[in-house]
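Trainee: I have a new structure open and would like to learn how to read it. Could you take me through a few features, one at a time?

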Amino acid sequence: RLGRRDQAAHCLRRCVELAAEPGPYRALLSALEQRLLHGGRVTLRLGEQRLILMGRLPLIMGRDQDCDLPVRGPSVSRRHASIIRPASGAGDEILLEDMGSRNGTLLSGVRLGARVPLPPSGTIGLGDECQISFVTRERLTLEVASGLDRGARAVLLDGPCTLDALLTGAPPHAIRFERGRPMLEVRGEGVRLNGEVTSGTVQLIREDTLETPGVPDPLQVES
């Protein structure tokens, strides 16, 4: 309840192994495991703002809801394009590549023929109808500029970042990824996690709600 979710899962597994009647512990463990996030991705909502945070590349864009940035549209393939790091890992360069899409991928209006480095800013076109604006300065930020999912945003975190730098009106808690798990460093007093006062480090899971004194909207974890 206070945010130590990996530790709770470990303890529940031991209870399942050792208890004379493991059924209740197995049910608790199953419910917890369905909510755990460990793939380096978390979706947050604050009021009307919705933000996808990524802790790793590749970042896959497409119509499939399992994509890192799901984008709907008649010209968008299920797995349309991806943003990757070069195999050599040279510098901070990141690349855009088409994933064999039906209608092609454009970078600032130019159709891709191969992997290309992302410039400091520009647009990614998934076919002719869906445009995604991006900036790579400081951190990679993507925002759907046209299409059915206009306004959807995704940010790549290479290290800790405060929520108020990512979401307007957000509290100053710091978020990072640790082994693919979204970890929140709670700052301030009286912060409530699903109604329980908490502090320190919180491992976020699906359906969490974080209420911070002085912040009108709760922070919600969607997925």
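Mentor: Let's begin with a term: two strands count as paired if DSSP finds at least two bridges between them. Keep in mind that this is a predicted model. Now take β16 (residues 181–186) and β19, which pair in the antiparallel sense over four bridges. Within that pairing, V186 stands opposite G200 in β19.

Trainee: In what order do the strands of that open sheet of four come?

Mentor: In general, strands of a sheet pair through backbone hydrogen bonds, either parallel or antiparallel. Here the order is β14-β15-β16-β19, with antiparallel pairing. The edges are β14 (161–162) and β19, each of which pairs on one side only.

Trainee: Which strands stand at the edges of the five-stranded open sheet?

Mentor: That sheet has mixed pairing and runs β4-β3-β5-β6-β9. Its edge strands are β4 (69–70) and β9 (116–117), each with a single partner strand, so one side of each is left without a neighbour in the sheet. Further in, β3 (residues 59–62) and β5 (residues 81–84) are antiparallel and joined by three bridges. There M61 has A81 in β5 as its bridge partner.

Trainee: How many residues of strand β1 are buried?

Mentor: Buried means under 20% relative accessible area. In β1 (residues 41–46), five of the six residues are buried, so the strand is largely enclosed by the rest of the structure. Six bridges join β1 to β2 (residues 49–54), and the two run antiparallel. L46 stands opposite Q49 in β2. This hairpin has two residues between its strands, and G47 takes a positive phi near 60 degrees. L46 also has a bridge partner in β21, namely L219; β21 (residues 219–221) runs antiparallel to β1, with three bridges.

Trainee: Now the helix. Which residues of α1 are buried?

Mentor: They are R5, A9, L12 and V16. These residues cover an arc of only 65 degrees around the axis, which puts them on the same side of α1. On the other side, Q7, E17 and L18 are exposed. What covers the buried residues includes α2 (23–33), β17 (192–193) and β19 (200–203). As for length, α1 (residues 5–18) has 14 residues and reaches 20 Å from first C-alpha to last, close to the 20 Å expected.

Trainee: What about salt bridges: how many does the count come to?

Mentor: Side chains of opposite charge can pair when their charged atoms come close. The count comes to 17 salt bridges. One of them joins E222 and R50, whose closest N and O atoms are 2.8 Å apart. E222 lies in the segment after β21 and R50 in β2, so the pair ties together parts that are 172 residues apart in sequence. Another joins D64 and R78, at 3.1 Å from N to O. D64 sits in the loop between β3 and β4, and R78 in the loop between β4 and β5. There is also a network of salt bridges linking R5, R35 and D208.

Technical notes: Residues numbered from 1 in each chain as written. Predicted model: local features only at pLDDT ≥ 70, side-chain atom pairs only at ≥ 80, totals over all residues. Heavy atoms only, no water. Expected span 1.5 Å × (residues − 1). Buried < 20%, exposed > 50% of the residue type's maximum accessible area, 1.4 Å probe, protein only. Arc of directions from axis to C-beta. Contact = heavy atoms within 4.5 Å. Salt bridge = Lys/Arg side-chain N within 4 Å of Asp/Glu carboxyl O.
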